[in-house]
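Colleague: I have a structure on screen and some questions about it. Can we go through it together?

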Amino acid sequence: MSAQVNFGIWYDFRNPAPWARPFESLYRSSLEQISWAEQLGIDSVWLTEHHFSDDGYCPSPLVIASAIGAGTRTMRIGTNLILLPLYHPIRLAEDVAALSLLTGGRFDLGVGAGYVEAEYRAFGRSLKHRPSLMEEAVAIIRQAWTGEPVNFQGKRFQVDNIPVLPAPEQAIKVLMGAISPPATARAARISDGFLSSGGVGQEDYIDAVAAQGRTRDSASIYAGSWGIVSEDPEQEAHMLGPHLLHQMNGYLEMGAFGGGDGAPRFQTPEDAVTQGFYQFWTPDQAVENILAQFEAFPQIRDMHFWAQFPGESTDSGSRRIELLAQRVLPRVRDTLSHRNN
């Protein structure tokens, strides 16, 4: 296990109709919440991406990351994840290099292939080209950040002697999410770490790292947790149920978790609470469960939790962040520190 493990918060910036408020208010209060969370000792913040959602699911994570960078000083900023095939890799390399320079090297680029056909179609891409789009984009981005002119001839992209300047002054990690065996093998081969959601794929990723001839201990996991900490988990589940129903059904409608057209949806908030990814913990249970995850996967370098759920008030999410920061993480960090010594 590495000496430094980060704990963070995760945002999708959904603003669904039943609880809608002006997006200016949502963004402003979330940025204030993130700066406040840094003061509480939260180490990282993670942003995700989708397009054309009725609830405004975050379409511009790099723009928001830049605003977060301006309002924080030490917090690491990452994406879990952006949809790499929807970008031209040269343009993305430029934006991420600038973001790294603006944040003093605090940005980590987390990428994935995505699964929504409408997004691909709108950006002139084809889902069947996902493997080559991923492979070529990562190769081009890594070349671009060297500061030397990029020369690349592939199936999807051709780049002739293009310099990407200014180059980043600190190394930028390229992290990658995956679910299928080929995508997990790709993450092990060409990324600097694995982005997980709800623990899915972590063991497969470590096996894929070993298959590359590296030690299992050399794997790095950046884990998006669906754990929810509360003094009263039963009451929290009841309060959050409608918000969790919106979140889970939104993913199913986009095609996640085997969803898509014709796939069943959760019918009630109770269904989403009991059958979704969520786990409800008291602070003591959170400490126990988080430490168990690190015992099973010492390769975890960062674990982050949803800051607030679609339509949930900022104050409600802040109560949970404060509980995590003050009642859970100090005990987890102390135990991990003793394990490492």
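Modeller: Helix H4 (117–122) and helix H8 (233–254) each give at least two residues to the lining of the second largest pocket. Helices here are DSSP runs of H or I with at least four residues, strands are runs of E with at least two, and both are numbered from the N terminus. This is a predicted model, in which local features need pLDDT of at least 70 and side-chain atom pairs count only at pLDDT 80 or more, while totals for chains, interfaces and linings use all residues. Residues are numbered from 1 along each chain as its sequence is written, and side-chain values use heavy atoms, with hydrogens and water left out.

Colleague: Which element gives the most to the lining of the second largest pocket?

Modeller: H8 does, with five residues. The second largest pocket has 19 lining residues, and nearest its centre are Ser53, Asp54, Gly250, Glu253 and Met254. On a 1 Å grid over the protein atoms alone, a pocket is an open set of points with protein on both sides within 12 Å along at least five of seven lines, a cavity is a set where a 1.4 Å probe fits but cannot get out, and lining residues have an atom within 4 Å of a point.

Colleague: What is the volume of the largest pocket?

Modeller: About 820 Å³. Leu81, Tyr115, Gly177, Ala178 and Ile179 are the closest to its centre, out of 32 lining residues. Helix H5 (130–144), helix H6 (181–190) and strand E9 (193–197) are the elements that give two or more residues to this lining. The second largest pocket has a volume of about 470 Å³. A volume is the space filled by probe spheres set on the grid points, which are joined across faces, edges and corners.

Colleague: Now the cavities. How many of 30 Å³ or more does the structure hold?

Modeller: Two. The largest cavity has a volume of about 90 Å³. Its lining has 14 residues, with Arg14, Leu26, Gln308, Phe309 and Gly311 the closest to the centre.

Colleague: And the second largest cavity, how much space lies in that?

Modeller: About 70 Å³. Among the residues that line the second largest cavity are Ile9, Trp306 and Leu324. Strand E11 (227–229), strand E13 (300–306) and H11 each give two or more residues to that lining, and H11 gives the most, with three.

Colleague: Different topic. Where does Phe13 lie?

Modeller: In the loop between strand E1 (6–11) and helix H1 (23–40). Phe13 is buried, at 4% relative accessibility. Not counting residues up to four places away in sequence, Phe13 touches several residues, including Phe23, Leu47 and Cys58.

Colleague: Last one. How many helices and strands does the chain have?

Modeller: The chain has eleven helices and 13 strands. Of its 341 residues, 54% count as buried. Its C-alpha trace spans about 60 × 50 × 40 Å along the principal axes.

Methods:
Buried means under 20% relative accessible area, exposed over 50%, partly exposed in between (1.4 Å probe, protein chains only). Contact means heavy atoms within 4.5 Å.
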